[in-house]
Amino acid sequence: MTIAVPERNAGTVPEQNTEIRRRELAAFLRSRRERITPEQVGLPRGPRRRTPGLRREEVAQLSAVGVTWYTWIEQGRAAHVSAQVLDAVARALLMDPTERAHLFALAGTHDPRSGPEYPVAAKTALKVVERLAPYPASLQNARYDVLAANRPYAQLFGDPAELPPADRNCLWLLTTSARWKRDFLDRDEMLRDLIAKYRAGMAEHVAEPAWKQQLNRLLQVSGEFRELWERHEVAPMSPHVKRYRHPRVGLIRLEHRNMWLAPQSPAHRVVAYLPADEESEERLERLAELPDERPAG
């Protein structure tokens, strides 16, 4: 497995990204402020108004934010803007959900008013997952939660529907599941690789409670996970071949392929497990013909 570790002397890159975000945030706020008329927010226009839209002090007044601090935000001088300030400004500027999401993304801050991730998969995504049979396939989010899976996936890896919702996660199963430890012949390498990918993905979601809760849960339950997490390794998403030993059909070698869904759910992907050789394909076809295993008890 190839693990990419960022160079320690590349400290200027995050600083440049932060500066770009500040400038984009400032420009976005100015554009939203200039399109709102005083009448829309219940303010008098006045005879001497030259500024298109609202003035900065009016936005500060409407959002209960200091004029100086709001001015710094629009000038790209604010080092960090809190979620509370962003929430107040978004409401003052009458932002719709898409604009609000963009505002928080530019600020690199989690939106406290955003609800939990919608758990119901789109019908089109479910059709793709089902039609990939006899190849195992699942619908996953960026945290590796399994949102849906087809029958071959359930036959090979276990049915996610039989697990508590919090346990329907590839990283959790690879860390804790006795079945996955038994059947995944490359399990140790896979765990190290998946932890590195999770760390890389978490950089964009570090303030989101769901990501932090999942990480804390894994850190508490597994010393092996803690040791690997403390290495600070990161890795990209890339196709790879892994070996699985199914108790009824034997060894199957599969290559993982990710198909990202957009634009409605850019963080969701269909993960297809394609046979890496003819023998694996034949065994998948045999597995598809077998009756489902009944859960014990």
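Reader: Which residues in H2 meet H3?

Author: In H2 they are Arg56, Glu57, Val59 and Ala60, and in H3 they are Val67, Tyr70, Thr71 and Glu74, where contact means heavy atoms within 4.5 Å. The residues of this contact of H2 with H3 divide into four nonpolar, one polar and three charged (Ala, Val, Leu, Ile, Met, Phe, Trp, Tyr, Cys and Pro count as nonpolar, Asp, Glu, Lys and Arg as charged, the others, Gly among them, as polar). This is a predicted model: local features need pLDDT of at least 70 and side-chain atom pairs pLDDT 80 or more, while totals for chains, interfaces and linings use all residues. Residues are numbered from 1 along each chain as its sequence is written, and side-chain values use heavy atoms, with hydrogens and water left out.

Reader: At what angle do the axes of H2 and H3 cross?

Author: Two packed helices are described by the angle between their axes and the distance between the axes. Here the axes of H2 (residues 56–63) and H3 (residues 67–74) cross at roughly 120° and come within 9 Å (axes are lines fitted to C-alpha atoms, for helices over the stretch in contact, with angles from 0 to 180 degrees between N-to-C directions).

Reader: How many helices and strands are in the protein chain?

Author: The protein chain has 13 helices and five strands, taken as DSSP runs numbered from the N terminus (helices H or I, at least four residues; strands E, at least two).

Reader: Which residues of H13 are buried?

Author: An α-helix has 3.6 residues a turn, so residues three or four places apart point the same way. In H13, Ser280, Arg283, Leu284 and Leu287 are buried (buried is under 20% relative accessible area, exposed over 50%, partly exposed in between, with a 1.4 Å probe and protein chains only). Seen down the axis of H13, these buried residues fall within an arc of 105°, so they line one face of the helix; the arc is that of the directions from the helix axis to the C-beta atoms. Glu278 and Glu289 are exposed, on the face of H13 turned away from its buried side.

Reader: What do the buried residues of H13 pack against?

Author: They pack against helix H7 (151–157) and the strands E3 (241–246), E4 (250–260) and E5 (269–275).

Reader: Is Gly158 buried or exposed?

Author: Gly158 counts as buried because its relative accessibility is 14%. Gly158 sits in the loop between H7 and helix H8 (170–176). Leaving aside neighbours within four places in sequence, Gly158 is in contact with Tyr153 and Arg179. The C-alpha atoms of Gly158 and Arg179 are separated by 8.2 Å, and the two residues are 21 residues apart along the chain.
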